[in-house]
Amino acid sequence: MLPWFARQMREGRRLVLPRLPECLPPEASVEAAYTRQAGLKSHVALPMTSGAEIVGALAIATFREYRDWDADILSRLDLLASVFASALYRRVADARVQAAEELNRSILASIPQELLVLDGAGRVV
């Protein structure tokens with residue numbers, strides 16, 4: 001729906017847009033039309049990353065008045081985005097571990113005979 005904005009987020013770019021639509025680049029024509037139609041005045045979007053992986057974005061918008069996003073506020077929002085990214089990443093990682101454990105249980109339950117597993121030193125696990 002908003003191709004320029006989505007591309008910026010996928011590339012991990014921080015967007016600080018204090019006066020919309022004036023501060024948008026020419027290639028963001030869809031976004032400019034949307035901000036005019038919706039009455040969006042200011043917007044900030046910060047990528048939520050965990051390691052090198054982008055897991056989402058923290059975005060805040062104003063509709064009543066323009067807002068200059070000062071460095072202190074942006075720093076705090078960066079920290080908040082980092083906390084959210086860690087929580088999201090942890091939730092996804094936990095779900096992956098649980099799915100792997102369920103698969104392991106299913107595989108073991110489907111084996112009709114006893115199974116012996118050895119570690120690298122030849123000991124029974």
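How much accessible surface does the protein chain have, and what share of that surface belongs to carbon and sulfur atoms? The total is about 9000 Å², with 56% on carbon and sulfur atoms; areas come from the Shrake-Rupley method with a 1.4 Å probe, and for residues only the protein chains shown count as cover.

This is a predicted model, in which local features need pLDDT of at least 70 and side-chain atom pairs count only at pLDDT 80 or more, while totals for chains, interfaces and linings use all residues. Residues are numbered from 1 along each chain as its sequence is written, and side-chain values use heavy atoms, with hydrogens and water left out.

**Whole chain**

Start with the C-alpha trace. Along the principal axes, the C-alpha atoms fill a box of roughly 70 × 30 × 25 Å. The radius of gyration is 23 Å, whereas a compact globule of 125 residues would have one near 14 Å; the value is taken over C-alpha atoms, and the globule rule is 2.2 Å times the number of residues to the power 0.38. Colour by secondary structure next: there are three helices and three strands, in the order α-β-α-β-β-α from the N terminus. Helices (H or I, at least four residues) and strands (E, at least two) are DSSP runs, numbered from the N terminus.

**The sheet**

Select the three strands. They make an open sheet in the order β1-β2-β3, with antiparallel pairing; two strands pair if DSSP finds at least two bridges between them. Because β1 (15-17) and β3 (53-62) each have a single partner strand, they stand at the edges, and one side of each lacks a neighbour in the sheet. From one strand to the next the twist averages 15°.

Now take β2 (residues 42-50), which pairs with β1 over three bridges. Here Leu-15 has Ala-45 as its bridge partner, and Val-16 stands opposite Val-44. On the β3 side, β2 pairs over nine bridges. Over the chain, buried residues make up 22% of the 125.

**Helices on the sheet**

Select α1 (residues 3-10): this helix lies across β1, β2 and β3, at about 140° to β1. Then select α3 (residues 71-110), which packs on the sheet, touches β1, β2 and β3, and makes about 45° with the direction of β2. Axes are lines fitted to C-alpha atoms, for helices over the stretch in contact, and angles run from 0 to 180 degrees between N-to-C directions. Contact means heavy atoms within 4.5 Å.

**The cores**

Show side chains for the largest nonpolar core, which has ten residues, including Trp-4, Met-9, Leu-17 and Leu-40. A nonpolar core is a set of buried Ala, Val, Leu, Ile, Met, Phe, Trp, Tyr and Cys residues joined through side-chain atoms within 4.5 Å. Both α1 and β1 supply at least two residues of this core. Finish with the second, separate core of nine residues, among them Leu-58, Trp-69, Leu-77 and Ala-85.

Technical notes
Buried < 20%, exposed > 50% of the residue type's maximum accessible area, 1.4 Å probe, protein only.
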